[in-house]
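Subject: The structure, and what turned up in it

Hi,

Here is the structure we talked about, handed over for you to look through.

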Amino acid sequence: MKILHLIIGILALCFVATNLLAGTENTCIKCHDGLASIRAHDSGMMQAILKKAKEAGAKGNDCVVCHGGSPDQESKEAAHSGTLAYFLTHEGPKAFYPYPASPWINKNTCGMCHPKQVEAQENNLMATEQGKIHGAMWGFGAKEGYRHTYTNFGTKSIHERQGTKIYKAYMDRLQKQEPQAMLDVTKELPAAPTADEVEKDPTLSVYTYLRQECLRCHTGGKGRKRRGDYRGIGCASCHVPYSNAGLYEGKDKSISKTEDGHMLIHTIQSSRDAKVSVHDINYTGIPVETCTTCHNRGKRIGVSYQGLMETEYKATFDNEGNGQPKLHTKRYLHLTEDIHYSKGMLCQDCHTSNDMHGDGFARGANLGAVEIECQDCHGTTKKYPWELPLGYSDEFATQPKTGDPRGTTKTLATYLKQGAIPEDKGDGFLLSARGNPMTKAIRKGNKVIMYLASGKTLELKPLKLLKEEGNISKEGIVAMDQIEAHTDKMECYTCHATWAPQCYGCHVKVDYSKGKQNPDYLAASKHHVNGKTGEVDTLKDFLVDGKVTETRSYLRWENPALSQNGEGRISPTIPGCQVTLTVIGKDGKALLQNHIFKLKGVENNGTVNADKEGVNSIVMSPVQPHTISKKSRSCESCHTSQKAQGKGINGGKYFADQRKTTMVDLMDAQQKLLVKQVDEQIPAIPNLKYDYSVMIDENGTQVQTVGDHWKLSQALDNETRAKLDRSGACLSCHKEMPNKDLAISLLAHSAKYAGVKIDNTIHKSILHKSILLSAWIQVLGGLVLAGLFIFFIMKRRKK
């Protein structure tokens, strides 16, 4: 080994000497004239790149630091090789990297300056897709139970978790508490099955489903070529801009402007200090649209943040009569945008470096990966953010966190200092719920200053300050201040997320007949040549048996249901993987038809009392919808809603029995078919006793899975529903009106003849006065009775 290193060292000296003789000009721009600089020349990042180039003997040629290659060669083929490279790696001369941010080789590129982020990337949730894989496998019969065994390529936690000492201790405790999700070692997802293997075990089709459909959005590949889905790979998934069309719009004439799959411009997008110029327009930060290239499926949080809710319809039309074009293979309605989006906040303004880059350990699913909570910036009406204890609203317990104030900090880890750090640190950086500094949020007195990635600076008044200034509505004070259970047991977004995408019934068909095949995106991304993965231009080489198609039963967006999430708090809840599976065998016949798996004997994290039939594997998922509004949803939308309680839309009464096939043709009055040649209109779903929106039956027994990742995820229990349910309250008064009680009848007639018109304002006033009057009568009555009791006791003693 020592001899090998000696030889590599000698070769390195030879390469450097050779390149020193070649001159100092950037020969790459002979072909790539007009190519935008990857960063501004006076930026710290570009100076660091130029320093690396100088150290290697490539003075003035910054291209080779990232792209490698042999730029002093005359031909394109020779230049795009590693035969006379300036840099050496452990594998030998640094090859030409067309995609230098690719995670398969970026330890030799991005990792030269950003080793911590590159070291952590393998276990980043955007690379592992651990939660997504487990969710799909649960829907196909919970093949691994609650254990999150598989990731895209298999992972192993790095030796030291990244973050503050407090954060590391916090996450170590959480990992011990949730071992089923947060594994130190995971396995690579099994290969896609052959059609013959599926004949023997149709549940193996889950691997076809995952590899052809679900696993296109990880950072280890470039994904699919569809409008809105074009992006980079690895670090460039976020840090290099791509348009919806995937077309290049820079000034390098050697790059096609009509061929799709190219970056918009050759510049890194990052922090508020990293300026990008496109057509004389300057911007900073990572646009939300970069995030939505992936975050448009599943929970759909990226497009929801923009107010986009998918629809089946083509409206509206353009001036040539064309219907709405598809984006991410869908069409959309424009609903209310998240208030943070409307204020100009990008995803990175809330989400921390650890949220996005990872901490080096597999973290199961979103709740394990995301360290921030609303209260980290907004606090509560009774405590400023810095007065709250660490772990508040991130308890993974059913009681609110208590403890010492978390305070602020002015200390940053070295890797965080590579980002844009405000010069004025005020009273210190705010801390996340898990104890890491939030580098864009500064305390100044009793206010929070947000230094946004877009370059804007916002002043935020925490809730306690707004309360002190009298700037919270009466409704807000009642909900957040007077009713402490709302603050202590609910997520803020349970009320303030006013809509959420709800895609009920995930009807999956995997068809293995007639030799059908489609690409395995995961296998294509694992196959790479110097970082260039298989799906770039050789996707046809990765065909596997089967063809996946998906559809759904129906869509909703209004007033999502409620459940308890993994943090132990009440949360909005939407359909997750509600897999209703049809598998077509080689002969064209169904091996499984509209099948919902029953999880017999499997309890939902110890919270479900399953009946003999078992619990359905279809899933309702607690979610942060990213549709925050200053005005909350109404009290009635929860307290009088059967859907909110988990009993389903309209109590699950809209649908007929879906376990029976629906036939529609000429029938007599008794619905007996009059024809022989007839097709099934709506084939049966044998195991769907209740509608997809129903989480609990009339007895409060959970009938489908509610969250498949964390131990505390469950439908609302009987005690919580008893506190929540205020349906039928109107009847409490109106059953006596207008003439079923003498006193009420007298009041009703008096109001009528006095010309009093009972509108909503008067009605609320009457109720308010009635409650106060009733309360005082009962209190005073109690005092009188107590006084009389004491009087008679004292009188008896005197006798």
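Before the rest, the ground rules. This is a predicted model, in which local features need pLDDT of at least 70 and side-chain atom pairs count only at pLDDT 80 or more, while totals for chains, interfaces and linings use all residues. Residues are numbered from 1 along each chain as its sequence is written, and side-chain values use heavy atoms, with hydrogens and water left out.

Most residues other than glycine have a negative phi, and most peptide bonds are trans. Asp280 has a positive phi, near 70°, and sits in the loop between β6 (276–278) and β7 (281–283). (Helices are DSSP runs of H or I with at least four residues, strands are runs of E with at least two, and both are numbered from the N terminus.) Lys514 is not a glycine either, yet its phi is positive at about 55°. You'll find Lys514 in the loop between β14 (499–511) and β15 (517–519), where it counts as exposed at 77% relative accessibility.

There are cis peptide bonds to look at as well. One joins Ala315 and Thr316, with omega about 5°; Thr316 belongs to the loop between β8 (308–311) and β9 (331–334). Another joins Met737 and Pro738, with omega about 0°, and Pro738 is in the loop between α27 (729–734) and α28 (742–753).

For a sense of scale, take Thr411, in the loop between α18 (375–378) and β10 (429–431). Thr411 is exposed, at 59% relative accessible area. From Thr411 to Pro738 the C-alpha to C-alpha distance is 69 Å, with the two 327 residues apart in sequence.

**The sheet around β22**

Next, an open sheet of four strands, ordered β19-β14-β22-β23 with mixed pairing (two strands pair if DSSP finds at least two bridges between them). At its edges stand β19 (547–558) and β23 (590–595); each has a single partner strand, so one side of each has no neighbour in the sheet. From one strand to the next the twist averages 20° (axes are lines fitted to C-alpha atoms, for helices over the stretch in contact, and angles run from 0 to 180 degrees between N-to-C directions).

Strand β22 (residues 579–584) runs antiparallel to β23, joined to it by three bridges, and Val583 faces Leu592 in β23. These two strands form a hairpin with five residues between them, and Gly588 in the turn has a positive phi of about 85°. With β14, the pairing of β22 is parallel, over six bridges; there Lys509 is opposite Thr582 of β22.

How many of the six residues of β22 are buried? Six of the six are, so the strand is largely enclosed by the rest of the structure. Val579, Leu581 and Val583 point one way, and Thr580, Thr582 and Ile584 the other. In a regular strand the side chains alternate between the two faces of the sheet. Helix α10 (residues 205–212) lies across β14, β19 and β22, at about 75° to β19.

**Gln578**

In the loop between β21 (570–575) and β22 is Gln578, which counts as buried at 0% relative accessibility. A polar atom of its side chain lies 3.0 Å from the backbone oxygen of Tyr692, and the Gln578 side chain also makes a polar contact with the side chain of Gln704 at 3.2 Å. (A polar contact is a pair of N or O atoms within 3.5 Å; within protein, one must be able to donate a hydrogen and the other to accept it, and residues adjacent in sequence count only if both atoms are side-chain atoms.) Leaving aside residues up to four places away in sequence, the residues that Gln578 touches include Cys503, Tyr504, Ile618 and Met620 (contact means heavy atoms within 4.5 Å).

Cheers

Notes. Buried means under 20% relative accessible area, exposed over 50%, partly exposed in between (1.4 Å probe, protein chains only).
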